[in-house]
Amino acid sequence: MSHSVLQLFKTLHRTRQQVFKNDSRALEAARIKINEEFKNNKSETSPKKIEELMKIGSDVELLLRTSVIQGIHTGHNTLKLVPRKDLLIENVPYCDTPTRKQ
């Protein structure tokens, strides 16, 4: 496994642990999926295909880190959202570069 592939693998697992913190089912499902994807492609030798797979992995990591929010059932039809700092950005209409809330 090349250095950049190993780095992406570790980054995905770190992100998984942050995004699904305290949710053992989601943590395990994500762990299995990440490991499965890397295992299924470990014998890939085409630099172009490896680059494509790395891009997909990076996109997935970014999506998890910036778009997934946990919800906890607190009662009948009630959900408490648990945002991470990564998700707390100013909601400014039509802003291409949102800024972090203070």
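Biologist: Before we look at pockets, what counts as one here?
Modeller: A pocket is an open set of grid points where a 1.4 Å probe fits, with protein on both sides within 12 Å along at least five of seven lines. Keep in mind that this is a predicted model.

Biologist: Got it. How much space lies in the largest pocket?
Modeller: About 590 Å³.

Biologist: And which residues lie nearest its centre?
Modeller: Leu8, Glu37, Phe38, Asn41 and Leu53 do, out of 21 residues that line the largest pocket. Helix H1 (3-19), helix H2 (24-40) and helix H3 (47-67) are the elements that each give two or more residues to that lining.

Biologist: Which element gives the largest share?
Modeller: That would be H3, with 7 residues in the lining of the largest pocket.

Biologist: How does that lining split by class?
Modeller: For the largest pocket there are 13 nonpolar, 5 charged and 3 polar residues.

Biologist: Okay, switching over. How much space is in the second largest pocket?
Modeller: The second largest pocket holds about 230 Å³. It is lined by 14 residues, and Val19, Lys21, Asp23, Gln70 and Val82 are the closest to its centre.

Biologist: Which elements give two or more residues there?
Modeller: For the second largest pocket, those are H1 and strand S1 (70-75). S1 gives the most to this lining, with 3 residues.

Biologist: Nice. How many of the lining residues are charged in that one?
Modeller: The lining of the second largest pocket has 3 charged residues, alongside 7 nonpolar and 4 polar ones.

Notes. Residues numbered from 1 in each chain as written. Predicted model: local features only at pLDDT ≥ 70, side-chain atom pairs only at ≥ 80, totals over all residues. Heavy atoms only, no water. 1 Å grid on protein atoms, 1.4 Å probe; cavity = no way out; pocket = protein on both sides within 12 Å on 5 of 7 lines; lining within 4 Å. Points joined across faces, edges and corners; volume = space filled by probe spheres on them. Helix = DSSP H or I, 4+ residues; strand = E, 2+ residues; numbered from the N terminus. Nonpolar A, V, L, I, M, F, W, Y, C, P; charged D, E, K, R; others polar.
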